Amino acid sequence: PIPCVPWQSQTSGQYQRRVHGSVLQGNAIVSSGIPIKFKQNQSKSTICTMTIGSKEAKKLRKAVQNKYWYSMYIDDLPLWGMVGDMLGEKDDDSELKPHVYTQKSFSISYNGDRIIEVNLTSEEPEFIRSLETTDTQTLTMTYSVKWVPSQKPFKHRFDRYLDFDFFEHQIHWFSLFNSFMMVIFLVGLVSLILMRTLKKDYERFTADDESALEYDNVVDETGWKQVHGDVFRPPNHISLFAAVVGSGFQVFSASLLIILAAIFGELYDDRGSIATAAVFIYALTSFIAGMGSAYTFNEYEDRNSPGWKTAMMLTGLLLPGILTTVMICLNTLAWSYGSSTSIGIGTTFSLTMLWAFSVILLVLGTIVGRSMFRKPDLPCPVRRTFIRPIPRNDWYMQPWFVALVGGTSSVRGRSLSRCTSSSPRSGTTSSTMFTVSCCSSS
């Protein structure tokens with residue numbers, strides 16, 4: 001490792017205590033060791049002096065060439081800086097070489113005894129030479145601090161990070177309105193076609209006196225019309241079906257509660273608070289998953305059927321099992337690369353205990369759902385006393401192909417919409433990079 005990197009001093013290394021959401025997001029906050037005192041300006045001072053060899057120089061050159069950047073926090077206010085940039089040795093030099101910024105100028109605004117705004121300017125680039133095995137290069141990292149009084153209230157200090165100016169450009173309103181009207185038009189057009197197509201079929205299916213129908217307009221039945229009026233048959237793998245429905249209820253309710261918590265709360269104040277809230281809300285909504293799974297299972301099976309236990313077990317393992325598998329794969333890669341996004345044993349144990357608590361809520365929800373269920377008296381106009389075989393679909397109507405095409409179309413539509421609405425923006429690196437990826441993928 002590099003003994004003194006441009007964003008860290010020799011006295012740093014103390015990790016900040018992290019909540020579950022911060023750990024899952026990979027936020028490993030390390031103390032920089034830069035001494036900053038409240039309302040005390042600091043002239044240019046040395047943070048550390050680093051002597052690098054060929055390996056360290058190669059790492060720094062790679063970081064600069066790949067436009068690595070770092071983030072820092074002062075009083076929980078984030079700021080970002082570039083490790084370096086590709087610059088010429090002179091103003092008229094066309095050959096760009098990797099340079100590391102050695103000076104960090106902090107500008108901190110305050111109101112009373114509160115920090116309101118922080119800014120960072122990276123200066124004094126120094127060329128990183130391509131060193132031989134025995135060569136070394138010395139870099140001196142410096143910093144300065146300037147305190148600026150401000151009249152902005154403390155409660156509005158996060159406004160600059162919430163991107164309130166996003167809708168200033170008319171192109172955004174036009175793009176969003178255009179997308180909204182396009183969706184309304186397509187929904188109306190499809191609804192009109194379906195109503196005109198299915199109107200006579202519905203009249204024929206619901207008619208009590210079939211002799212009164214106009215058979216001149218009746219066409220040969222195809223597809224699902226061939227099995228209309230057959231003996232009712234429940235779906236295959238009813239336990240798995242009930243588990244999927246129950247997990248859907250849980251995801252929907254958890255997403256709704258998280259959105260409401262983000263709107264009416266101030267979860268953006270602390271790092272990882274939204275992810276932490278999402279984990280706990282998802283665990284609490286296991287009660288809803290149990291009720292939905294039990295209700296769906298009892299709709300198709302007898303109350304005394306032992307399959308409800310399988311449905312309950314699948315509900316508790318389906319989505320958590322998928323997420324756990326993905327997390328293990330990503331965590332293994334993070335460990336192999338020594339990344340800070342890897343999840344430790346302590347966090348894994350606490351998440352396991354949280355899942356065990358959600359299983360208890362799932363069992364309670366299943367019991368409540370079974371006790372509250374009442375068989376609905378639904379009209380079932382069965383006109384045939386034998387089960388007709390369901391016709392086989394063509395390859396392009398198979399579920400896997402329909403799901404693949406439908407998912408690809410929706411993702412491309414969202415990417416194109418994001419690309420269109422974000423095209424006038426210029427500011428944050430993440431949004432610009434995401435816009436480029438959207439445009440290229442669409």
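Predicted model: local features only at pLDDT ≥ 70, side-chain atom pairs only at ≥ 80, totals over all residues.
User: What does Val251 count as at 37% relative accessibility?

Analyst: Partly exposed. Side-chain values use heavy atoms, with hydrogens and water left out.

User: Where is the place of Val251?

Analyst: Val251 sits in helix H4, residues 238–264. Helices are DSSP runs of H or I with at least four residues, strands are E runs of at least two, and both are numbered from the N terminus. The C-alpha atom of Val251 is 9.4 Å from that of Leu319, although the two residues are 68 apart along the chain.

User: How many helices and strands are there in the chain?

Analyst: The chain has 10 helices and seven strands. It holds 442 residues, and 30% of them count as buried. The accessible surface is about 29100 Å², with 61% of it on carbon and sulfur atoms. Those areas come from the Shrake-Rupley method with a 1.4 Å probe; for residues, only the protein chains shown count as cover.

User: Among contacts between residues at least 6 apart in sequence, what percentage join residues at least 24 apart?

Analyst: The share is 72%. A contact means heavy atoms within 4.5 Å. Take Asn331, in helix H7. Setting aside neighbours within four places in sequence, Asn331 contacts Thr341, Ser342 and Ile343. Asn331 is buried, at a relative accessible area of 9%.

User: How do the axes of helix H6 and helix H7 cross?

Analyst: General idea first. Two packed helices are described by the angle between their axes and the distance between the axes. Axes are lines fitted to C-alpha atoms, for helices over the stretch in contact, and angles run from 0 to 180 degrees between N-to-C directions. Here, H6 (residues 286–300) and H7 (residues 307–337) have axes that come within 10 Å and cross at roughly 145°. The crossing is right-handed.

User: Which residues in H6 and H7 meet?

Analyst: From H6 come Ala289, Ser293 and Phe297; from H7 come Gly307, Trp308, Ala311 and Thr315. This contact divides into four nonpolar, three polar and no charged residues. Ala, Val, Leu, Ile, Met, Phe, Trp, Tyr, Cys and Pro count as nonpolar, Asp, Glu, Lys and Arg as charged, and the others, Gly among them, as polar.

User: At what angle do the axes of H7 and helix H8 cross?

Analyst: At roughly 145°, with the axes of H7 and H8 (residues 345–372) coming within 11 Å. H7 passes H8 in a right-handed crossing. H7 brings Trp308, Met312, Thr315, Gly316, Leu317 and Pro320, which meet Trp355, Leu362, Val363, Thr366 and Arg370 of H8.

User: How many salt bridges does the structure hold?

Analyst: Side chains of opposite charge can pair when their charged atoms come close. A salt bridge needs a side-chain nitrogen of Lys or Arg within 4 Å of a carboxyl oxygen of Asp or Glu. The structure holds four. One of them joins Asp75 and Arg157, at 2.8 Å from N to O. Asp75 is in the loop between strands S2 (69–74) and S3 (77–82), Arg157 is in the loop between strand S7 (137–149) and helix H3 (170–206), and the two are 82 residues apart. Asp75 is partly exposed at 40%, whereas Arg157 is buried at 7% relative accessibility.

User: Which residues are linked in a network of salt bridges?

Analyst: Glu117, Lys152 and Arg160. Lys152 meets Glu117 at 3.7 Å, N to O. Lys152 lies in the loop between S7 and H3 and Glu117 in strand S6 (residues 114–127), so this pair ties together parts 35 residues apart in sequence. Glu117 also meets Arg160, at 3.9 Å, N to O. Arg160 is in the loop between S7 and H3 too, so that pair ties together parts 43 residues apart in sequence. Relative accessibility is 27% for Lys152, which counts as partly exposed. Glu117 is partly exposed at 21%, and Arg160 is partly exposed at 39%.

Technical notes
Residues numbered from 1 in each chain as written. Buried < 20%, exposed > 50% of the residue type's maximum accessible area, 1.4 Å probe, protein only. Left-handed = near helix turned anticlockwise from the far one by under 90°.
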